[in-house]
Amino acid sequence: MKFLAYLVSGISLGSIYAIIALGYTMVYGIAKMMNFAHGDVIMVGGYISFIAANYWGLPTVVSIVIAMLVCTMLGIVIEGLAYRPLRSAPSLAVLITAIGVSYFLQNSALLIWGANPKAYTPVVSGTLRLFQGQLSISYVSMVTVAACIIIMIALTLFTSRTRMGKAMRACSEDKGAAQLMGINVNFTISLTFAIGSALAAVAGVLLCSFSPTLMPTTGSMPGIKAFTAAVFGGIGSIPGAFLGGILLGVIESLARGYISTQLSNSIVFAVLIIILLVRPAGLLGKNVQEKV
Amino acid sequence: MGPVNRKTLFKDSRSDLFTYLGVILAFIVITMLKNRGALNRSQSGLLVPICCYIVMAVSLNLTVGILGDLSLGHAGFMSVGAFTGIITSMSLIDIIPSAPIRLTIAIFVGAFFASIVGFLVGIPVLRLKGDYLAIVTLAFGEILKELITCLIVGFDSKGLHIIFNVSGSKTANDLNLLEGGRVIIKGAQGATGTKTIANFTAGFILVMITLVIVLNLIRSRHGRAIMAIRDNRIAAESVGIPLTKFKMIAFVTSTALAGAAGALFGLNYSNLAAAKFDFNTSILVLVFVVLGGLGNIWGSILATVVLYILPEALRGFASYRMLIYAIVLILVMLTTNNPVLKSLFSRWSFRGNKQESEGGSNG
């Protein structure tokens with residue numbers, strides 16, 4: 001029964017990682033950059049929904065929609081101002097800029113909302129008790145898992161079926177060729193950032209519902225872990241990010257329950273290292289042979 | 001190629017010479033200022049950390065700039081050096097009363113252990129490429145940090161006592177130290193009550209040693225092999241350069257220097273927690289390296305000094321300083337990578353692109 005409880009909490013934590021990782025992997029797939037600011041967009045999403053719900057007294061659903069809208073705008077602005085001018089720059093320059101954006105968001109949040117942690121009210125309250133109360137599953141975890149599955153399916157359909165999705169895949173293969181085929185590369189990349197950031201807002205709301213403290217640094221560690229999850233599943237692959245996220249969450253939860261709370265992150269990272277040694281492109285990643 | 005070779009060789013050694021001279025000059029000027037009392041407490045408190053971060057930046061430049069592999073876990077090796085250095089120094093405190101000798105031994109021990117960890121980490125890491133390699137170094141950095149957080153170490157007349165606190169329930173009392181023993185590392189609290197023996201002169205000497213090691217490595221046959229791997233892995237392999245060996249040489253050298261810097265850093269503070277050496281510290285050093293220019297040693301030194309002092313200089317702006325730092329970082333990246341400005345810079349630069357591309361091929 002204990003095992004089931006850990007498993008359930010792991011799956012719901014993993015679903016949050018998966019939603020963040022989906023955003024990461026889409027941006028990576030198309031822009032070929034590690035967007036370190038992604039974790040901080042999550043934090044912004046959390047704060048916006050917190051303010052909309054607690055200060056303005058708006059209903060939960062509306063506050064989530066507002067958070068998504070704000071984060072979408074934020075994603076487009078960040079891409080346009082900071083990343084677009086560096087499209088042809090070396091990848092390290094883009095990485096450092098992303099780190100700069102991450103510092104910028106964290107410190108802006110610190111100035112606007114202060115360093116004190118805010119107590120976030122979960123979007124859904126209550127728990128479902130099974131087996132005479134031996135196993136309790138919070139409704140938040142159920143919503144999280146459901147949201148994650150819906151998002152994953154929607155994204156897969158979007159990238160495989162729609163025109164825009166095809167344009168995205170084309171840009172991710174070869175930007176120059178895509179442009180020659182009449183695809184608006186800049187618009188496609190902006191759209192990818194918009195989708196990724198909207199997902200980050202959802203992830204922010206769910207993350208804060210899962211562990212209800214909200215600080216300017218709330219997003220960094222989940223951001224890093226979600227990136228790990230994306231690499232774990234094979235970066236650039238949507239089912240890979242989903243699988244990686246869930247696995248990472250379950251491993252973390254089980255490690256925390258059975259081995260050591262202090263070393264749970266280490267165990268997660270150790271598993272990642274072992275997986276990458278056996279499958280250097282991640283679980284579902286394609287191993288591209290390098291040509292001379 | 002003959003005359004060009006000699007010219008580039010001359011240019012390289014001239015720039016190395018300027019690097020050495022610049023560091024020595026800076027040391028003399030700062031020491032004079034310090035002796036005249038022109039530096040206040042907080043300013044002179046920055047000197048040792050700056051030296052440590054210079055060593056960190058130069059050694060990371062060896063991995064990122066010269067070997068061409070992005071490492072996001074450099075602070076992990078610094079923490080290995082820091083804590084082994086602290087343990088060494090605190091254990092030897094009765095046997096070797098002389099602080100400079102103890103500091104030297106601690107730095108060597110720190111470098112030694114960091115290089116062993118670097119070698120072990122390097123075996124899996126150096127088989128990977130690009131972003132995968134980066135994420136694995138990040139993972140190792142976090143693992144090292146958490147492992148050190150679990151350490152409880154004490155010393156008494158029977159020798160070292162080490163507990164690995166996996167469950168999180170043990171405390172320093174479980175060490176069962178004898179009378180007169182002292183606790184050196186207290187788990188998550190880190191090292192407490194360390195006798196601080198680091199000073200600016202030691203920092204300067206460490207920077208000079210680092211420069212001698214790194215610059216000589218880069219200009220040697222080994223260094224050219226390492227740069228050949230960076231420029232084209234497949235071509236380097238096909239002319240018979242053993243990839244693993246040379247990658248390992250660069251990586252282990254880099255981690256050993258990080259360990260030495262860590263030992264000096266650790267012995268500069270009486271209290272130091274492992275959480276100090278997290279991902280953000282690795283990123284901080286990476287920022288120094290990238291802004292200073294990849295593969296450019298004196299650039300790393302300059303960037304470290306400027307960027308380390310900048311947040312302190314902005315202290316007047318209080319809470320806005322990190323925001324300003326972030327904006328400066330973004331703007332610098334945007335302007336230095338702007339194609340229009342870049343062509344302007346290369347026209348002004350006395351070291352044009354032509355020599356740059358031939359710099360690595362003299363052999």
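This is a predicted model: local features need pLDDT of at least 70, side-chain atom pairs count only at pLDDT 80 or more; totals for chains, interfaces and linings use all residues.
**Overall form**

The secondary structure of chain B amounts to 15 helices and 3 strands. Its radius of gyration is 21 Å, close to the 21 Å that the globule rule gives for 363 residues, so chain B is as compact as a globular protein of that length. Along the principal axes, the C-alpha atoms of chain B fill a box of roughly 70 × 50 × 40 Å. Of the 363 residues in chain B, 43% are buried. Contacts in chain B between residues at least 6 apart in sequence can be sorted by separation: 77% of them join residues at least 24 apart.

**The sheet**

Strands of a sheet pair through backbone hydrogen bonds, in either a parallel or an antiparallel way. In chain B, 3 strands make an open sheet with antiparallel pairing, in the order β2-β1-β3. The edges are held by β2 (159–164) and β3 (182–186) of chain B; each has a single partner strand, so one side of each is left without a neighbour in the sheet. On average, neighbouring strands of this sheet are turned by 15° against each other, direction ignored. Strand β1 (residues 151–156) of chain B pairs with β3(B) over 4 bridges in the antiparallel sense. Within β3(B), R182(B) is the bridge partner of F155(B).

**Helix α4**

Helix α4(B) lies across β1, β2 and β3 of chain B, and runs at about 175° to β3(B). Helix α4 (residues 74–91) of chain B has 18 residues, which at 1.5 Å a residue should span 26 Å; its end C-alpha atoms are 26 Å apart, which agrees. The helix is mostly covered, with 18 of its 18 residues buried. An α-helix has 3.6 residues a turn, so residues three or four places apart point the same way.

**Contact with chain A**

Where the two chains meet, 35 residues of chain B are in contact with 36 residues of chain A. The elements of chain B that give two or more residues to this side are α6 (130–149), α11 (279–292) and α13 (321–336). Among these, α6(B) gives the most, with 10 residues. The table divides the residues on the side of chain B that touches chain A by type.

| Type of residue | Number on the side of chain B that touches chain A |
|---|---|
| Nonpolar | 26 residues |
| Polar | 6 residues |

Terms used: Residues are numbered from 1 along each chain as its sequence is written. Chains are lettered from A and ligands numbered from 1 in the order in which they are written. The expected span of a helix is 1.5 Å times one less than its number of residues. A residue is buried if 20 or more other C-beta atoms lie within 10 Å of its own, exposed if 12 or fewer, and partly exposed in between; C-beta atoms are placed from the backbone. Two residues are in contact if their C-beta atoms, placed from the backbone, lie within 7 Å. Ala, Val, Leu, Ile, Met, Phe, Trp, Tyr, Cys and Pro count as nonpolar, Asp, Glu, Lys and Arg as charged, and the others, Gly among them, as polar. The radius of gyration is taken over C-alpha atoms; the globule rule is 2.2 Å times the number of residues to the power 0.38. Two strands pair if DSSP finds at least two bridges between them. Axes are lines fitted to C-alpha atoms, for helices over the stretch in contact, and angles run from 0 to 180 degrees between N-to-C directions.
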